[in-house]
Amino acid sequence: MKNSFLKSKSLKSFLDFFSRVAISAIFISAIPGKINDFERTVEYISTKGIPEAISSILLVGAIVCLILGSGFFIFGEKQKIGSVFLLLFLIPTTIIFHVFPFHQRAVFINLGLIGGLIISAIREPK
């Protein structure tokens with residue numbers, strides 16, 4: 001028996017958009033802090049053993065990935081590109097900041113986001 005609730009094309013479209021906004025919310029909310037506290041964020045990245053000059057470059061890259069990734073993921077026809085940008089931010093961030101030392105909750109939350117983004121990146125349009 002098929003679920004008639006999800007047969008409506010406009011409802012599916014709305015739920016798809018809402019889901020992309022919900023997933024992106026965590027990434028969008030991180031952008032202002034990284035921009036407004038740029039120097040402090042660079043210092044924090046440097047505490048992980050990354051030279052300050054490289055930390056600045058990585059932070060600029062992270063901000064670009066967050067902005068472009070969220071924009072493409074939510075609004076663009078190129079949702080897969082948005083997923084890839086967000087994965088380029090999320091995977092290294094998880095490894096650098098949450099694996100050593102192991103922050104279980106952060107790692108598992110990020111793994112859930114990574115899984116959702118991978119599904120989005122590889123799914124075929126129907």
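## Overall architecture

The predicted protein contains five helices and zero strands. In sequence order, its elements give the pattern α-α-α-α-α. The C-alpha trace extends about 55 × 30 × 20 Å along the principal axes.

## Contact of H1 with H3

Helix H1 covers residues 9–36 and helix H3 covers residues 52–74; the two pack at an angle of about 155°, and their axes lie 9 Å apart. An angle over 145 degrees counts as roughly antiparallel, and H1 and H3 are therefore roughly antiparallel to each other. The crossing of H1 past H3 is left-handed.

On the H1 side, the contact is formed by Phe17, Arg20, Val21, Ile23, Ser24, Phe27, Ile28, Ala30, Ile31, Lys34 and Ile35. These residues meet Leu59, Ile63, Leu66, Ile67, Ser70, Phe73 and Ile74 of H3. Sorted by class, the residues of this contact comprise 14 nonpolar, two polar and two charged.

## Contact of H2 with H3

Helix H2 packs against H3 at an angle of about 120°, with 9 Å between the axes. Here the crossing is right-handed.

H2 contributes Phe38, Thr41, Val42, Ile45 and Ser46, while H3 contributes Glu52, Ser55, Ser56, Leu59, Val60 and Ile63. The class division for the contact of H2 with H3 is six nonpolar, four polar and one charged. Leu59 and Ile63 of H3 take part in the contact with H2 and also in the contact with H1.

## Second largest pocket

The second largest pocket holds about 590 Å³ of space. It is lined by 24 residues, of which Lys34, Ala62, Phe89, Thr93 and Phe97 are the closest to the pocket centre. Lys34 also belongs to the H1 side of the contact with H3.

Two or more lining residues come from each of H1, H2 (38–46), H3, H4 (79–99) and H5 (104–122). H4 gives the most, with eight residues. By class, the lining of this pocket consists of 18 nonpolar, five polar and one charged residues.

The peptide bond running from phenylalanine 100 to proline 101 is cis, and its omega is near 0°. Proline 101 is located in the loop that separates H4 from H5. Both of these helices give two or more residues to the lining of the second largest pocket.

Terms used: Residues are numbered from 1 along each chain as its sequence is written. This is a predicted model: local features need pLDDT of at least 70, side-chain atom pairs count only at pLDDT 80 or more; totals for chains, interfaces and linings use all residues. Side-chain values use heavy atoms; hydrogens and water are left out. Axes are lines fitted to C-alpha atoms, for helices over the stretch in contact, and angles run from 0 to 180 degrees between N-to-C directions. Helices (H or I, at least four residues) and strands (E, at least two) are DSSP runs, numbered from the N terminus. Angles under 35 degrees count as roughly parallel, over 145 as roughly antiparallel, 65 to 115 as roughly perpendicular and the rest as oblique. A crossing is left-handed if the near helix is turned anticlockwise from the far one by less than a right angle, and right-handed if clockwise. Contact means heavy atoms within 4.5 Å. Ala, Val, Leu, Ile, Met, Phe, Trp, Tyr, Cys and Pro count as nonpolar, Asp, Glu, Lys and Arg as charged, and the others, Gly among them, as polar. On a 1 Å grid over the protein atoms alone, a cavity is a set of points where a 1.4 Å probe fits but cannot get out, and a pocket is an open set with protein on both sides within 12 Å along at least five of seven lines; lining residues have an atom within 4 Å of a point. Grid points are joined across faces, edges and corners, and a volume is the space filled by probe spheres set on the points.
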